[in-house]
Amino acid sequence: MYHLAIGKFFDSIIENSEGPLMFAKSTNPYLENNYAPVSATFDTADLTCEGVIPADLNGLMVRNGPNPTQRVNPKRHHWFLGDGMLHGVKFAEGKAVSYRNRSVSAGGSTPNTHVIGHGGRIVALVEAGGAPVEVDHELNSLDRPAFEGSLRRGFTAHTKLDSVDGALHAVCYDFKRGYQLSYLAVGADNRLQTHQDISLSTKPMVHDCAITKRFVLIFDLSVTFSLNRLIRRYFPFAWNDKHQARIGLLNRQDPSQPIQWFEIAPCYIFHALNAYENNSGEVILDAMRYERLFDTVKIGPFGESSPFLTRWCLNPNTGSVTETQLDDHAAEFPRVHPQLEGQPTQFGYALGIGDDPSSPDFNTIVKYHQDGSAEIHTLGQYEMASEPIFVAKSGSVREDEGYLLSYVFDQREGTSHVIILDAQDLSAKPIARVMLPQRVPFGFHGSWIGEPSP
Ligand SMILES: [Fe+2]
């Protein structure tokens, strides 16, 4: 889910400054089982399938994640570190046409967190100042600057697409650059159209953002840069009780205007499900809330508290804010219909992680309803899924009329496959399974890159 490669420079300080050869008698769960990297590169056609692949699935399901094949110190290795590797399955005319995987690398950058399609391009992303890397439809890294070379600095892992104007919105941070964030918007033409620096008094870890019609939501929360951890060669972000958690509303029309801040209870948010404005002009944010994170646990997000879907209502007129937990299924990697970010939505989807915060089971996929109820798809006993990606059916009318695609790891067999679920019936078995020639390590985020209509 997560992500954050801190850039090659800090990566090298943390990972390579001492320590044994990689994975020697590892005691780090993020190097074991299906967190361990793979070394082979595949280009496999004629994949074996079960069930019936929908004929309107025409495109590429691609996903990014860390693949730490470099030397690492198991004592300090953090899940968010390691060079990115893309895994992609192509679908066309009712068939799973091919699987391939490729390392991400261009100009010294190896983004490991997300991969998106925008402006006719495919781009691998990472936060904390790392440069995005454009890849071709065969997942090969391209030796040219992403976003047509229009960025002034690095970018981030999570963007929000406003489907009304076609622009991508992002809040970027880079602890190496000082006490500031940057709000960026990249137009439908794939070029930077807005860059607004934002001064802060601290260095928060800002993994995601959210948008509404009028605002960009900025998450200035309880995890901040820790020089102490960097010096001790750990992942350099930690829980900070001294930092007041707050959410900011930045005016999209005039980003130079002062941000309106709303103080909230201490927490961390990796991922927003969605945000929008209601009829009263309140800003509604639904996101996965951690009560505590990176306090005592230094190697990954699991073990201190479980993330639950939570709603914040921010009133720009009164300055008031309320917070309500909406669901009691621990879950992460929330997604909505990709054309509805920043607009009111009826449904959301996430990966269930189970009841033990220190050992996620990834055994369920959750569908959230606006009325507060949830549907659950439970996988097989030995199966562990990944972020569910929603793909709308061709000609769909209802918001949830589509498919959920997820990479699944079978612990008993040591293999991976892709499942296709009917997003309108999570109680049903998968519509189809696509068997893959190798296991796909647990990674972070991905996208459906649809083929243009003929
Ligand atoms: Fe993420």
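This briefing describes the overall build of a predicted protein model, then one of its sheets and its core. In this predicted model, local features need pLDDT of at least 70 and side-chain atom pairs count only at pLDDT 80 or more, while totals for chains, interfaces and linings use all residues. Residues are numbered from 1 along each chain as its sequence is written.

**Overall build**
- The secondary structure comes to two helices and 33 strands, where helices (H or I, at least four residues) and strands (E, at least two) are DSSP runs numbered from the N terminus.
- The radius of gyration, taken over C-alpha atoms, is 20 Å, close to the 22 Å that the globule rule gives for 454 residues, so the protein is as compact as a globular protein of that length; the rule is 2.2 Å times the number of residues to the power 0.38.
- Buried residues, meaning those with 20 or more other C-beta atoms (placed from the backbone) within 10 Å of their own, make up 51% of the 454 residues.

- An open sheet has the strand order 24-25-26-27 with antiparallel pairing, and two strands pair if DSSP finds at least two bridges between them.
- Strand 24 (331-335) and strand 27 (374-378) stand at the edges with a single partner strand each, so one side of each is left without a neighbour in the sheet.
- Three bridges join strand 24 to strand 25 (residues 347-352), and Arg335 stands opposite Tyr349 in strand 25.

**The core**
- In the largest nonpolar core, which has 126 residues, Leu217 and Leu285 touch the most other members; such a core is a set of buried Ala, Val, Leu, Ile, Met, Phe, Trp, Tyr and Cys residues joined through C-beta atoms within 7 Å.

Note on methods. Buried ≥ 20, exposed ≤ 12 C-beta atoms within 10 Å, placed from the backbone.
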